[in-house]
Amino acid sequence: MPAYYLEVAVVILGLVLLMLEAFASGGDKRFVGHLAIAGLGAVLVALFFVNTTPGTSPFWQFYTADSLAMTYKAIALVCTILVLILGLDYIPVLEKFTARIGGRGAWGEFFCLPVFICAGMMWMASATDLTSIFVSLETVTIGLYVMVTFMRRNVGSLEAGVKYLILGALSTGFLVYGFTWLYGITGQTNLTAIAEKLNSGTVATAPAMFSFALILVALAFKVGAVPLHFWIPDVYQGAPTPITAFLSVGSKAAGFIVTTRLLAPYLNAEALTHNATAILLAVACATLLVGNLAAIPQSNFKRLLAYSSISHAGFLVLALGSGATGGFGLQPSQIVAFYMAAYLCMTLLAFAVLVVVSRVTGSDDLSAFNGLHQRSPFLAFALVVAMASLAGVPLTVGFLGKFFVFGAAAAHQLWLPLVFAIIGAAAGFYYYLKVVRNMYWNPPATTPVETIPVALLTKVTMLILIAATLIFGVYPQPLLHFLR
């Protein structure tokens, strides 16, 4: 079975779910979520058995199934499955903010649209042509516009959607303009042909770097890096929490695979690599500084995770700009892929806890976690593991991700960016462990203490994420083997 059958299967699954949701009787459409999870799980299993050998047809000029693409397809599938599981816990909130006057909430599409977004992210992982990159990127972005504004009776959700739409349209303009310049100076849309043209020495440096700057600005929006990072806190806070998790992990992963492929021709061209690397490192330093320092005073957990997302984008951009092999013989693109897999485990674990706590308390503030160890020791332990990994505590997968980035920067003697990375990591210890302080040192807000129930599926999901965070932090070889 060819690899592109995976995307075909996901699109068909989404269409079937839409039909079932539209024509099924009854108000409770939870079965749509369960079917979506089961269907994507089957596609995830099939991913390990598809034929990744390129064919001879012209189609393969637009598509690749290399190890990097398959890794990001797996990340997209796992992320979507976990987001749908979080969505099942989030139904009471969706019911409240999508309810018609005098009727029930209409939230069945909430479990259909992420499937189409997943198909777009999977195609982005394999896209090797400017046209296929743009189409898949817009498939993901338009789907996320809808999902961010899904709670139509919530002012914060609508405000977040408008901000995301306006800035997303702006970034798309930069991207198209950058693609236009790149095509104009190379006469090619295939990334391999573009790389050969840029490396031939026949392309003037100034227009090539101008196209690089335009594309980088657009990609900075997609991955949440400076200078187009300022939409993230407001959109993360206003969007439904499972969709915030989707933006934080799935959208960022899709953005970084496109960033890796689009910037590779510039970074590998002898005449351009010095300037391109210098710009990337400057963006990395600014992103690390802004993300980590702005996270320190935050009192809302979703905004804290938003600035955390910006800071992690800084580490990932630093890895791309290092141009050196890191620990375990990993190339920069492989370091980014490993970091994204690690980021998936620890960030979705944090959002899983947030969904349960906010559903009970009705708040996303850090004060909602006061005394959590008394209300639910399991949730408190899960959040401790997530925060420790995000901060980079040893024996967690987050530590290894940062270790690989630091190793690559040190191997290339990038001492100034390394200083920014160390400052960022140190700041992270403060604002991540601030959450732990609230859970274990601050008393619960209510007396007597109210326990927080956790659904079986959610608990199993959290246990799997906890195990992955800890096991891959000690024994990362399975992930590394998959990357290679």
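Tyr72, Phe256, Phe301, Leu348, Leu379 and Met387 touch the most other members of the largest nonpolar core, which holds 183 residues. A nonpolar core is a set of buried Ala, Val, Leu, Ile, Met, Phe, Trp, Tyr and Cys residues joined through side-chain atoms within 4.5 Å. Helix 14 (residues 332–361) gives the largest share of this core, 21 residues. Helices are DSSP runs of H or I with at least four residues, numbered from the N terminus. The model is predicted: local features need pLDDT of at least 70, side-chain atom pairs count only at pLDDT 80 or more, and totals for chains, interfaces and linings use all residues. Residues are numbered from 1 along each chain as its sequence is written, and side-chain values use heavy atoms, with hydrogens and water left out.

Apart from neighbours within four places in sequence, Leu348 is in contact (heavy atoms within 4.5 Å) with Cys79, Leu82, Val83, Leu86, Ala245, Val249, Tyr343 and Leu465.

The loop between helix 16 (377–391) and helix 17 (397–411) contains Thr396 and also Leu395. Thr396 counts as buried because its relative accessibility is 5%, where buried means under 20% relative accessible area, exposed over 50% and partly exposed in between (1.4 Å probe, protein chains only). Beyond four places in sequence, the contacts of Thr396 are Ala388, Ser389, Thr469, Leu470 and Gly473. Leu395 counts as exposed, at 59% relative accessibility, and has a positive phi near 75 degrees although this residue is not glycine.

Gln413, in the loop between helix 17 and helix 18 (415–440), has a positive phi near 60 degrees. Val226 and Pro227 are joined by a cis peptide bond, with omega about 15 degrees.

Technical notes
Helices (H or I, at least four residues) and strands (E, at least two) are DSSP runs, numbered from the N terminus.
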